[in-house]
Amino acid sequence: MRHSTWAAVFILLLVGLVYLLDSVLMPFVAGMILAYLVDPIANKLQQWGMKRPLAVASVFVVLFLLLAAALLILIPLIVSQIKQLGEVLPDIFTWVENRLAPQVLEWTGYDVRAELGNVKTALLENWRDAGGYLAQALTSIGRSSAAFVTWITYVALIPVVTFYLLLDWDHLLANLADLVPRHYARDTARLAKRCDAVLAAFLRGQLLVMLSLGVIYALGLTLIGLNFGLLIGVVSGLVSIVPFLGFIVGLGVALVVAFFQFESWWGLVGVLGVFSVGQVMESVVLQPKLLGDKIGLHPVAVIFAVLAGGSLFGLTGVLLALPAAAVIMVLLREVIERYKNSELYGEAKLTNAESPNRLDHDRDREIP
């Protein structure tokens, strides 16, 4: 069999295994991604003189403390603000129905109150029932002992898999590189470095940018006294995985909340100031320092990869979407680069380059 045939068979088998073992692979894929994200920290501690097991254990202690702080401090505050937002929604709809809808009717002749009532009823019912749905889901999991044990096992496996993968990360990469046919070893190593640069720029760099923007937005909105400032800041930081989307969504929601809360221009100015500071920090500090000149994934590629992965393979597909998209993008760039260096592209380029000279020569011959 030819090399390309072996590669196609290997890819088909890999996709088939992912499809068949979808429910089992989730903790292993999550652990692999976590190990990839924190491996540079463990390597840095190892360079400072720590043994590899001690460096990995230190990383896990820091991650545990951060997770515990988020669970004990941030999550209760966010849940509280979500409940407060659900209580404020009726007042917002009342204002829109009594003040904004008549103005829209006067300006456009279109009455939005009928549609507004349907939206209000559906939104408030779903908002109120969201906690009930979650409770029912947890109850159903609790009633089924097998499902409960499986869920607990998967959650518990993630840190275990992450620990062992992180402990032997360099050896695993070396063993995988040793399995590559020697004829393709150089090209494979070069492409692997490109894939790592893309993933590092997007996963590590973009996640740090998202975290930093979330902190800036949440802290700034809270300091100006905006209601739901923490919730809006966290959501804006998470949505910032797509450039400018977090800024647009967060600014729009914050301006609406400030308009109803402060009823003056100063609240709107404060919100604009917070998001302006966030954008300046992202452009001047965060992007150059955390991402540098590395090329990450295009926002459209990110959205498509996540949706396609979730549709094909569920949660496992969502976790594998970005690494797979990075590999595909690097391979496509390699194909385009080889095409541009090929004789086919070179002949076309030469023909195009010679065509102006030919036109000039023909014009000279026409001049008497």
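Author: Welcome! Let's start with one term: two residues are in contact when they have heavy atoms within 4.5 Å of each other. Keep in mind, too, that the model above is predicted.

Reader: Thanks! Which residues is aspartate 39 in contact with, leaving aside its neighbours within four places in sequence?

Author: Aspartate 39 is in contact with Arg52, Leu166, Trp169 and Asp170 once those neighbours are left aside. You can find aspartate 39 in helix 2.

Reader: Is aspartate 39 buried or exposed?

Author: For that we need a cut-off: buried means under 20% relative accessible area, and exposed means over 50%. Aspartate 39 has a relative accessible area of 7%, so it is buried.

Reader: Now I'd like to read a nonpolar core. What is the general idea?

Author: In soluble globular proteins, nonpolar side chains tend to be buried together. Here, the largest nonpolar core has 22 residues, and the members that touch the most others are Tyr36, Leu166 and Leu203.

Reader: Which elements give two or more residues to this core?

Author: They are helix 2 (22-47), helix 3 (52-108), helix 7 (185-223) and helix 11 (299-340). Helix 7 provides the largest share, seven residues.

Reader: What does tyrosine 36 touch, leaving aside its neighbours within four places in sequence?

Author: Tyrosine 36 is in contact with Trp169, Asp196, Leu199, Ala200, Leu203 and Arg204. Notice that Leu203 is also one of the core members that touch the most others. There is a second, separate core as well, with 21 residues, including Ile78, Leu226, Ile232 and Val271.

Reader: Let me try distances. How many residues apart in sequence are valine 253 and isoleucine 232, and how far apart are they in space?

Author: The two are 21 residues apart in sequence, and their C-alpha atoms lie 7.4 Å apart in space. Valine 253 belongs to helix 9, and its relative accessibility of 41% makes it partly exposed.

Reader: Next, cavities. How does one look for empty space?

Author: Rolling a probe the size of a water molecule over the atoms shows where empty space is left. In this model, a search of the whole structure finds one cavity of 30 Å³ or more. The largest cavity has a volume of about 40 Å³.

Reader: Which residues line the largest cavity?

Author: The lining consists of Leu213, Tyr217, Ser240, Val242, Pro243, Phe244, Leu245, Gly246, Phe247, Gln279 and Glu282. Helix 7, helix 9 (245-262) and helix 10 (265-291) each give two or more residues to this lining. The largest share, three residues, comes from helix 9.

Reader: How many nonpolar, polar and charged residues does that lining have?

Author: By class, the lining has seven nonpolar, three polar and one charged residues.

Reader: My last topic is salt bridges. How should I think of them?

Author: Side chains of opposite charge can pair when their charged atoms come close. The structure holds seven salt bridges. In one of them, the side chains of arginine 338 and aspartate 187 meet, with N and O 3.5 Å apart.

Reader: What about arginine 190 and glutamate 334?

Author: Their side chains also meet in a salt bridge, at 2.9 Å from N to O. Arginine 190 lies in helix 7 and glutamate 334 in helix 11, so this pair ties together parts that are 144 residues apart in sequence. Arginine 190 counts as partly exposed at 29% relative accessibility, whereas glutamate 334 is buried at 7%. Not counting residues up to four places away in sequence, glutamate 334 touches Arg190, Leu191 and Arg194.

Reader: And which residue does arginine 194 form a salt bridge with?

Author: Arginine 194 pairs with glutamate 337, the closest N and O atoms being 3.3 Å apart. Arginine 194 lies in helix 7 and glutamate 337 in helix 11, so the pair joins parts that are 143 residues apart in sequence. Arginine 194 is partly exposed at 30% relative accessible area, and glutamate 337 is partly exposed at 37%.

Reader: Which residues do salt bridges with shared partners join into one network?

Author: That network joins Asp187, Arg190, Arg194, Glu334, Glu337 and Arg338.

Note on methods
Residues are numbered from 1 along each chain as its sequence is written. This is a predicted model: local features need pLDDT of at least 70, side-chain atom pairs count only at pLDDT 80 or more; totals for chains, interfaces and linings use all residues. Side-chain values use heavy atoms; hydrogens and water are left out. A nonpolar core is a set of buried Ala, Val, Leu, Ile, Met, Phe, Trp, Tyr and Cys residues joined through side-chain atoms within 4.5 Å. Buried means under 20% relative accessible area, exposed over 50%, partly exposed in between (1.4 Å probe, protein chains only). Helices (H or I, at least four residues) and strands (E, at least two) are DSSP runs, numbered from the N terminus. On a 1 Å grid over the protein atoms alone, a cavity is a set of points where a 1.4 Å probe fits but cannot get out, and a pocket is an open set with protein on both sides within 12 Å along at least five of seven lines; lining residues have an atom within 4 Å of a point. Grid points are joined across faces, edges and corners, and a volume is the space filled by probe spheres set on the points. Ala, Val, Leu, Ile, Met, Phe, Trp, Tyr, Cys and Pro count as nonpolar, Asp, Glu, Lys and Arg as charged, and the others, Gly among them, as polar. A salt bridge is a side-chain nitrogen of Lys or Arg within 4 Å of a carboxyl oxygen of Asp or Glu.
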